[in-house]
Amino acid sequence: MENWVALENLAGIGRVTCGWKRPELSLDAVRPYWRDAHSPAIARRHGVYEYRHYALDPVEPDLFAAIEGVERAPPADQQLMWLSDVRYRDQAGLDAFGASPGPQVKAQILADIEMIVDKSTTYLVLGDNGRTLVDSSGDPAPAGPAAHSYGVFLKQRGDEAGFRAHVRAMAARWAAGPGVRRLRLNLFEVPDMDAERKAGYPVKTHPPEMQYQAWIDLALAGPEAARGLMSPADGLDHAGHLRAVHAYPAPAVYTFNCAGRPTLAGLRGYPAMAAIRGLDAGHQRDPGLLRWMYGDVAPLEGVR
């Protein structure tokens, strides 16, 4: 069995975008559009090493034990609704992504942002600031409903160095805890709006006071596993380094690109993938068929 954690950690750059929809749009319409129309286009762009999309439900304030002075839920109208996580092996991969596809086609993809997004912020994750510490799920490319999956977003109190050291120590402690099936730590750079504009992205970022400084991709065996992860008595100075810990349940996780190749969901869309999975139609994963349908972007060997 391949060492998926090591393969995942080959990604040297991440662009993590999270936000919420325009208020006049139905979330029930936005979620399948983002999953089945927008995401397969992103999965095919050059330079992508991994692409996952997470639906996010309202914050679950009681997932962790209360820590005095640490906020557990923002106002309802400030809570995130999705997270898109695109990883690249290196700067060359990111540059290839920026140049793919050509300007006219890319403009059509980016039109989705204008159509759907009210506010969103893109955070860079660089080098060892993005590491998967544990993944015992046995599935390197999950796609579909997720049980006990959370996006844990953190806000910094105090200096950056102290915050990052604290979050690293906390994540290491969590990763060793019973019932923790997956943990990927992401320490964010301060968003660079000028760089986003130069890359051609519509800038709709949150104000600085609403931005986060870290995200932990966390999957548990059950919600009870979270109770022992954070405690006033665990020996870590949470209140000294954290202003907020917001745990968003992720009811679904979709992997559209895995180790540099689009997955079946990334090629054919999630509904087709689910139908193929439902009937165990292995012939619909045949590399020859997929390359006939989708060209060189399809894997030469088995597709996840």
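This is a predicted model: local features need pLDDT of at least 70, side-chain atom pairs count only at pLDDT 80 or more; totals for chains, interfaces and linings use all residues.
Biologist: In what order do the strands of the open sheet stand?
Modeller: Strands here are DSSP runs of E with at least two residues, helices are runs of H or I with at least four, and both are numbered from the N terminus. Two strands pair if DSSP finds at least two bridges between them. The open sheet has 5 strands with antiparallel pairing, and their order is β5-β8-β9-β7-β10.

Biologist: Which strands stand at the edges of that sheet?
Modeller: An edge strand here has a single partner strand, so one side of it is left without a neighbour in the sheet. The strands in that position are β5 (130-135) and β10 (242-249).

Biologist: By what angle are neighbouring strands of this sheet turned against each other on average?
Modeller: Axes are lines fitted to C-alpha atoms, for helices over the stretch in contact, and angles run from 0 to 180 degrees between N-to-C directions. For the strand average, direction is ignored, and the value is 15°.

Biologist: Which helix packs on the sheet?
Modeller: Contact means heavy atoms within 4.5 Å. The helix in question touches β5, β7 (149-156), β8, β9 (214-220) and β10, and its direction makes about 170° with that of β8. It spans residues 160-175 and is α5.

Biologist: How many bridges join β5 to β8?
Modeller: β8 covers residues 180-187 and runs antiparallel to β5. Within this pair, V134 has L183 as its bridge partner in β8. The number of bridges joining β5 to β8 is 5.

Biologist: Over how many bridges do β8 and β9 pair?
Modeller: L187 has its bridge partner in β9, namely A214. β8 and β9 pair in the antiparallel sense, and the number of bridges is 7.

Biologist: Which residue of β9 stands opposite S149?
Modeller: β7 and β9 pair in the antiparallel sense over 6 bridges. In that pairing, L154 has A214 as its bridge partner in β9. The residue opposite S149 is A219.

Biologist: What is the bridge partner of Q156 in β10?
Modeller: β7 is joined to β10 by 7 bridges, and the two run antiparallel. The partner of Q156 in β10 is L242.

Biologist: How many residues of β7 are buried?
Modeller: Buried means under 20% relative accessible area, exposed over 50%, and partly exposed in between, with a 1.4 Å probe and protein chains only. In a regular strand the side chains alternate between the two faces of the sheet. In β7 both faces are covered, with S149, G151, F153 and K155 on one side and Y150, V152, L154 and Q156 on the other. β7 is therefore largely enclosed by the rest of the structure, the buried count being 8 of the 8.

Biologist: Are α2 and α4 roughly parallel or roughly antiparallel to each other?
Modeller: The axes of α2 (residues 27-43) and α4 (residues 103-116) come within 10 Å and cross at roughly 160°. Angles under 35 degrees count as roughly parallel, over 145 as roughly antiparallel, 65 to 115 as roughly perpendicular and the rest as oblique. α2 and α4 are therefore roughly antiparallel.

Biologist: Which residues of α4 make the contact with α2?
Modeller: On the α2 side the contact is made by V30, Y33, W34, H38, A41 and I42. On the α4 side the residues are I109, D112, M115 and I116.

Biologist: Is D280 buried or exposed?
Modeller: D280 has a positive phi near 50° although it is not a glycine, and its place is the loop between α9 (270-278) and α10 (287-294). At 67% relative accessibility, D280 counts as exposed.

Methods
Residues are numbered from 1 along each chain as its sequence is written. Side-chain values use heavy atoms; hydrogens and water are left out.
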